[in-house]
Amino acid sequence: MADKEINRIIADTFLKLADTLENGAQAPRAVIALTALGSEHGEDELYQAAAMAAKQGIQVKVIGTKPANAPGVETVSISTEEEGHEALESLLDSGAAQGGVTMHYPFPIGVSTVGRVITPAKGKAMYIATTTGTTALDRVEGLVRNALYGIATAKACGVAEPTVGLLNIDGARQAELQLLKLATNGYPIRFATSGRSDGGAIMRGNDLLMGSCDVMVTDSLTGNILMKLFSSYHTGGNYESVGYGYGPGMGENFDKLILIVSRASGAPVVQGAIEFAAELVGGDYQRVFATEFKAAKQAGLDAVLAGCRVQKQPVEVSKAAAPPKEVVTAEIHGIEILDLEDAVQALWKENIYAESGMGCTGPVVLISEAKVEQAKRILLSKGYIGE
């Protein structure tokens with residue numbers, strides 16, 4: 001065994017001993033998995049991020065092709081991105097890792113990510129709810145849910161009474177009215193006040209820079225753009241250098257801690273995402289999320305959400321059984337959000353496994369790399385995509 005490897009093992013042993021002395025045998029450090037393949041800056045950038053996070057007391061399992069070279073960092077060896085996805089799922093399912101940081105994940109409808117940025121005016125952290133994924137098919141319902149996702153995330157990270165603002169986008173006024181109903185019925189929402197002279201909880205662009213609220217509510221496509229701007233405005237756009245990434249996927253009945261970073265995210269942002277994940281583990285985010293939704297439902301959340309939804313004529317759609325599950329890493333774009341689930345059903349009926357999701361530019365159908373062309377032909381023939 002090489003001297004370098006022996007030194008790493010010795011260092012890891014002393015770190016574990018320090019954990020036991022400081023925290024007790026029943027309180028180990030959080031273990032966070034990180035997929036390293038796919039970055040625009042190369043695999044080494046992700047290993048550097050893991051080493052930086054490990055110095056903060058976080059155990060990191062890097063899913064990659066290279067040996068670990070820092071105390072507190074371990075490599076789970078894979079050779080392809082598809083193997084990396086499978087390894088991440090295995091680590092989370094087995095409990096070998098409590099959270100994962102990755103550049104892509106097929107979140108189901110109803111789950112979206114809450115990012116965290118550093119606002120430039122005062123260097124204050126702000127949660128952007130949300131930044132990827134599809135929270136709901138109705139816009140106003142999605143914004144209301146996004147507010148709850150943001151509140152739960154902030155509370156799990158130690159913000160006891162997060163202030164909530166709604167970015168001045170389409171649907172914000174209606175969402176504010178629905179949130180006020182929840183507050184009137186007993187759900188505690190602390191609304192923020194805009195830094196502009198006319199005040200109010202509807203936030204302007206200036207409030208983004210000033211960090212006028214702890215939780216900024218927006219739709220995920222707008223949130224995605226904001227994350228890219230906040231994280232790379234110093235660098236010209238090709239290297240994300242500031243912040244904590246696009247955040248954890250939050251949603252009812254979703255029990256995995258998956259945080260998203262971009263392929264353009266540099267080591268400082270990936271380190272921030274790993275630390276963000278460890279904070280959520282330490283803050284028992286699932287308990288906090290469940291508590292928030294229980295309180296919101298006691299205040300009439302279900303009725304509020306039902307009132308948000310656009311009423312449509314019911315359409316009878318025959319449901320297909322899902323084919324055997326496959327790893328889906330390819331994306332088919334160009335499908336309207338309201339047709340997304342029907343498109344998935346159309347593929348299932350042809351015995352092609354697919355999942356719905358939200359890419360950086362809008363709704364996507366996620367499919368196995370081997371079946372992309374076949375799936376496109378089916379979706380084209382049924383009018384879900386254009387040529």
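Okay, let's start with a term: on a 1 Å grid over the protein atoms alone, a pocket is an open set of points with protein on both sides within 12 Å along at least five of seven lines, and its lining residues have an atom within 4 Å of a point. What we have here is a predicted model, where local features need pLDDT of at least 70 and side-chain atom pairs count only at pLDDT 80 or more, while totals for chains, interfaces and linings use all residues. Numbering runs from 1 along each chain as its sequence is written, and side-chain values use heavy atoms, with hydrogens and water left out.

So, the largest pocket. Its lining has 36 residues, and Met103, His104, Tyr105, Arg263 and Glu331 lie nearest the centre. Which elements give two or more residues to that lining? They are α3 (81-94), β6 (124-134), α7 (220-232), β14 (354-359) and β15 (362-367). The biggest giver is α3, with 5 residues. When I say helix or strand, I mean DSSP runs numbered from the N terminus: H or I with at least four residues for helices, E with at least two for strands.

Now zoom out. The protein has 12 helices and 15 strands. Of its 387 residues, 53% count as buried. Buried means under 20% relative accessible area, exposed means over 50%, and partly exposed is in between, using a 1.4 Å probe and protein chains only.

Next, the inside. In soluble globular proteins, nonpolar side chains tend to be buried together. For us, a nonpolar core is a set of buried Ala, Val, Leu, Ile, Met, Phe, Trp, Tyr and Cys residues joined through side-chain atoms within 4.5 Å. The largest one here has 95 residues, and Val101 and Ile274 touch the most other members. Helix α4 (residues 139-156) supplies the largest share of this core, 10 residues. There's also another core apart from it, with 16 residues, including Ala343 and Leu379.

Who does Ile274 touch? Skipping residues up to four places away in sequence, its partners are Ile32, Leu34, Ala49, Ala50, Ala53, Ile58, Val60 and Val101. Contact, by the way, means heavy atoms within 4.5 Å.

Let's visit two more residues. Phe276 sits in helix α8 (residues 267-282), and it counts as buried because its relative accessible area is 0%. Beyond four places in sequence, Phe276 touches several residues, among them Val114, Tyr127, Tyr244 and Leu259. Met216 belongs to strand β10 (residues 215-217) and is buried too, with a relative accessible area of 0%. Between Met216 and Thr130 there are 86 residues in sequence, yet C-alpha to C-alpha they are 8.4 Å apart in space.

Thr130 brings me to the backbone. Most residues other than glycine have a negative phi, and most peptide bonds are trans. Well, the bond from Ala129 to Thr130 is cis, with omega near 15°, and Thr130 is in strand β6.

Where are the positive phi values I picked out? Asp284, not a glycine, has phi near 50°, and its place is the loop between α8 and α9 (285-298). Asn351 has a positive phi of about 65° and lies in the loop between α11 (340-349) and β14. Are these two buried or exposed? Asp284 is partly exposed, at 36% relative accessible area, whereas Asn351 counts as exposed because its relative accessibility is 54%.

Conventions:
1 Å grid on protein atoms, 1.4 Å probe; cavity = no way out; pocket = protein on both sides within 12 Å on 5 of 7 lines; lining within 4 Å.
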